[in-house]
Amino acid sequence: MSAKTLRTTARTVVIALILALFLFPVYWMITMAFKPQPQWAPTTGETYWFPESPTFGNFKRIFGGEPTDESGLGFLTSTPIDATDSIITSLIVAGLGTVLALLVGISTAYGISRFRAGGKLLPFAILQLRMFPPIAVIIPILFLWTYLQLNDTYWGLILIYGAVTFPFVVWLMRSFFDEIPREIAEAAIVDGCSNFGAFRKAILPLVKGGLATTALFVFILNWSDYLIALVLAGSRVITAPVFLSQIRSASTGVEFGSQAALALILILPPVILAIAIQKHLVRGLTFGAIKR
Amino acid sequence: MADVRLERITKRFGDVVALNELDLHIEDGEFFCVLGPPGAGKTTMLRTIVGLERPSEGSVYVGGTEVTDVPPGERNVSIVFQNLALYPDKSVYDNLAFPLRQQKPRPPKEEIDKRVRDAAKILRIEQLLDRKPARLSGGERQRVAIGRSLVRAPLVYLLDEPLSALDALLRLEMRAELKYLQRDLKRTLVYVTHDQVEAMSMSDRICVLRAGAVQQVAPPEIVYNEPANTFVGQTVGTPPMNLLPLRADHANGGVELRSQSFAIAGRGGDALSALAARAGQAVQFGARAEDVRIGQDAAGSPLRSRVIAVEPLGGEVIVDLDVDGHIVKAMTPPGIQIEPDELVPLSFDFTRVHVFENEGSAVYRAGGEAHLSISAPA
């Protein structure tokens, strides 16, 4: 075996190992979602690598179906549950939180990039917001939110999601704006646009790709949040991840099968979003604007 | 009627003075070149005229109206940026239509279409209207950028080094085209460049800029033949004007400019009084390469100089010579028989030489009654 093929083989093996490490939980979740109860909670200590007699029972269960007693022992007794409301809640708070972060973040990023707004301090002041571990500030925010009567409300979650992901929007969008030569906005201004007109008509179309990427990234962050939704809401306003963590029954404890089924469903919105905007998920859109 | 007037314009960026009390009057319909090295303030000057920079002090007038505080879009001045700044996501058609679509009231669709196609026709880019800028060649992008400033028929066109990214041949072609275009449009055009050949070949008048200050404003031949100072002499013309440090002194009722191995004697004429007034001071003697005489043309000159290098350029030969430790470049006809290290007689065409004070301003220019001649050192 030559040195080259050896190297290639070694590289392939390493890549395969890393991939396995990352993909195994996904594999486990997908198979789990289709396993009947005795296979995700085997009393025999057996491990089922692949669902035998796959079933949609777990999916039916999380959308109000009667809990099935696959074991036939009559143990499974718990109240019906329905994840629909929590999914809608998540879509609303994650979606509007993303919109809020984008609106404020894009304006801030453009101001920093184009007009050096806030000097050198502001960009780093915004960045350091991300350096706190959320757990460190969540309790003070809880007090604040309670005082403002935002606790356990849609607006409370939308506001905090917007605030938490706003620094990401600023830093991502800023780098996209920085890539655009300032003469493009200036050309638009000389052509008769206002500052905002130049931004909307000349600059925004150029950062569509970056905007799509940022929106997706921020949406995933908001969508997958557990901690904030657990602390600042959770009684009336229940997001899907919080709902997921609470699926349990008297007989089996945590219902891993149903949780896997819901998790699988929760993966869908970001994936659908990514597919919908994938043609914008490319860079280099400014090519040709300037002579190099 | 659309002249441009800059009155005592000063522009500071923090501690940096980009433009220093600039006074300039660009005439209506003129092809006006601003020439200067990088960092001289050329681009800042254009950006001040179009309104992208507000002067720290002073006023800007376009067509007799003060526009210092008028937004760029309302000045009726267009600009072609050095990097062109086309809208990369828009087709050539939409790039050209963009300025028209911003006008208030917005012209009807048919009129926009007509004007876009007219401009495209003038610039011969009609077949490219559907393309995106990324799919254009450098020369085509150049035309689109000029077209975008053409469509709205502004009073004044500003161009910032528009040809600098083109290859030499295309640049030559575009140079001529721009000149014809401006002649047809009969509009004021301000053209910024660091290339003195562009400035010399295209403009009605040249403004030489240095460190934010105007050095000279004059037609190309005046700038070339009568540079206001050493900077202009060395910026305009290739090779740059030769400069030799000499010492002015009184001698035999006239003036003498002395170096180690030769002297230049002046006789008669009022023009020399300025030189005489600088007796005892250092001055700079300036002569263009084509005004340096060597070999047989300088027969009789007491000055002998050593040839350092010979650069044949085809149409002429540049000879580098050592004069008292300074390099003097002489331009001679091709076919001259000369070798490095040879000692040749050297003189100057004294009807075309200049003397500058040590700080650079011209104090003497050949012509009139006065007469200079070369002689052995005293």
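Over all chains of this predicted model, the count of salt bridges comes to 31. Side chains of opposite charge can pair when their charged atoms come close. One of these pairs lies within chain B, where the side chains of B:Glu53 and B:Lys11 meet with an N to O distance of 3.8 Å, a value that still falls within the 4 Å cut-off applied to such pairs. The pair links distant parts of the chain, since B:Glu53 sits in the loop between α1 (42–50) and β4 (57–62) of chain B while B:Lys11 belongs to strand β1 (residues 4–13) of chain B, the two being 42 residues apart.

Salt bridges are also found where the chains meet, and across the interface of chain B and chain A there are 2 of them. A:Glu186 forms a salt bridge with B:Arg47, and the closest N and O atoms of this pair are 2.7 Å apart. The interface itself takes 32 residues from chain B and 23 residues from chain A, and the two chains bury about 2200 Å² between them, with 59% of that area on carbon and sulfur atoms. Of the area that chain B buries against chain A, 24% is supplied by B:Asn83, B:Pro88 and B:Gln102, more than by any other three residues.

Within the chains, the packing of helices can be followed in two examples. Two packed helices are described by the angle between their axes and the distance between the axes. In chain B, helix α2 (residues 92–101) packs against helix α4 (residues 138–150) at an angle of about 25 degrees, with the axes 7 Å apart. Angles under 35 degrees count as roughly parallel, and α2(B) and α4(B) are therefore roughly parallel to each other. Their crossing is right-handed, and the contact brings B:Val92, B:Asn95, B:Leu96 and B:Pro99 of α2(B) against B:Val144, B:Gly147 and B:Arg148 of α4(B). By class, the residues of this contact divide into 4 nonpolar, 2 polar and 1 charged.

In chain A, helix α1 (residues 3–33) and helix α13 (residues 256–276) pack at an angle of about 115 degrees, with their axes 7 Å apart, and the crossing of α1(A) and α13(A) is left-handed. On the side of α1(A) the contact is made by A:Met29, A:Ile30, A:Met32 and A:Ala33, while the residues of α13(A) that take part include A:Phe256, A:Gly257, A:Leu264 and A:Ile267. The contact of α1(A) with α13(A) has 10 nonpolar residues, 1 polar residue and no charged residues.

Technical notes
Residues are numbered from 1 along each chain as its sequence is written. Chains are lettered from A and ligands numbered from 1 in the order in which they are written. This is a predicted model: local features need pLDDT of at least 70, side-chain atom pairs count only at pLDDT 80 or more; totals for chains, interfaces and linings use all residues. Side-chain values use heavy atoms; hydrogens and water are left out. Axes are lines fitted to C-alpha atoms, for helices over the stretch in contact, and angles run from 0 to 180 degrees between N-to-C directions. Helices (H or I, at least four residues) and strands (E, at least two) are DSSP runs, numbered from the N terminus. Angles under 35 degrees count as roughly parallel, over 145 as roughly antiparallel, 65 to 115 as roughly perpendicular and the rest as oblique. A crossing is left-handed if the near helix is turned anticlockwise from the far one by less than a right angle, and right-handed if clockwise. Contact means heavy atoms within 4.5 Å. Ala, Val, Leu, Ile, Met, Phe, Trp, Tyr, Cys and Pro count as nonpolar, Asp, Glu, Lys and Arg as charged, and the others, Gly among them, as polar. Buried area is the accessible area (1.4 Å probe) that two parts lose on being put together, summed over both.
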